[in-house]
Amino acid sequence: MPDAPPPAPSTAETHFDSFLLVDFTVGGNSAPFLGMGWGTAEARLAWSLGPRSAMRLPAPWDKRPRLLELDVNPARYAPYVTAQWLAVEVNGHFFGTHKLVQRTVLRLPLPPSLWQGRPVIEVVFHHPHFLIPRLLRQSPDGRPLAISFFSVRLYSLLAPRPTIALPMLPETAVPPQIAAERPAAVPPQPAPPEAAGVTYPFGLNKPGSSLAREGWSQPEPRFQWTDGNVARLDVPAPALPGPHLLTLAVSPLTHPTKLPAQEVSVILGGRLLAHLAVEQVATFALPLPTDGDGGEPGPLQLALHLPTAARPVELGVSTDSRRLGLCLHSVAIDPLPPALIGWAGRRVDEAAPPA
């Protein structure tokens, strides 16, 4: 009697020849390959959620180089959140940060040394500027949306490249010494200890009020109110390189029953830094992104999105007819303290976004 055939290997251990397609549609095959940070498959795609997501792909059986191809689309909220920044880490090696402004194809050349001796290829996606549509009054969706994935392909350089009629970012160069490349999880070094921060107080004849652009009321003796649903200001960029903190000292317009908190989304140069719920006088320290966006040097273009701004006269608290949201006392840019260096480039609300 012949021996019984061996059991089929699990998905994570299955090797493939020259082409692997991961299809994220509702009837696709993506589920066995996905780790943390994913939403349910939809008709044409699946969303990565929160600050990080991960995949496990079977390692090729041979030693031919491969291309990892991503068909992706960023979560946006025009004209405020205009892009998502996607960083890719493959088996612990960093393959750069990519600015996505529309549906795009991104190709990463993978050398065989990346998977030698490993049964799988671990891919981690970092997308810290996720947005929650409900908090932006964009839709009722309360998920932290980052990047929508249509497909992921892994194929040999010798195989015909799939034809996709989409904008394509330049191929990311292979890290020059991939075995010694610093993993993306290792934070950058802190700023020099002699680096000093700058504080801009707001109010009548105060330097901070000169930073205000549209969406502000006239400055008062020691503060300045936002007036409308969006308030913009230009803050001078840090003079020295290194991770920094943006600190906002604010007071919200609230009402015990009608408006218990002000919702505010802090947006910097098209990327969302945090969703915040402000219930009382507070100071928020937000780590600034550590990667550049490739733009021209200049001030930090900050926007405060305030969907719950209200008129005090309508709340019955005064006769003031302005549409008030936050009262801004000061803005500061400070080097990130060594004790907080692990938060460089991260979001203060990523663990528990406001309900």
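This is a predicted model: local features need pLDDT of at least 70, side-chain atom pairs count only at pLDDT 80 or more; totals for chains, interfaces and linings use all residues.

Is Glu 314 buried or exposed? Glu 314 counts as exposed, because its relative accessibility is 55% and the cut-off for exposed is over 50%.

Arg 311 and Glu 314 form a salt bridge, with 3.8 Å between the closest N and O atoms. That falls within the 4 Å limit. Arg 311 is partly exposed, at 28% relative accessibility.

Next, select Asp 71 and Arg 103. Their salt bridge brings the closest N and O atoms to 2.8 Å. The two residues are 32 apart in the chain, and the pair links distant parts of it. Asp 71 sits in strand β4 (residues 66-74), while Arg 103 lies in the loop between β6 (93-100) and β7 (104-110). Asp 71 is buried, at 4% relative accessibility. Arg 103 is partly exposed, at 24%.

Move on to Arg 143 and Glu 42. Their side chains meet in a salt bridge of 3.3 Å, N to O. This pair also links distant parts of the chain, 101 residues apart. Find Arg 143 in the loop between β8 (120-126) and β9 (145-156). Find Glu 42 in the loop between β1 (19-23) and β2 (46-49). Arg 143 counts as partly exposed, at 27% relative accessibility. Glu 42 is partly exposed too, at 28%.

Salt bridges with shared partners join Glu 42, Asp 141 and Arg 143 into one network.

Finally, zoom out. The model's count comes to 15 salt bridges.

Note on methods: Residues are numbered from 1 along each chain as its sequence is written. Side-chain values use heavy atoms; hydrogens and water are left out. Helices (H or I, at least four residues) and strands (E, at least two) are DSSP runs, numbered from the N terminus. Buried means under 20% relative accessible area, exposed over 50%, partly exposed in between (1.4 Å probe, protein chains only).
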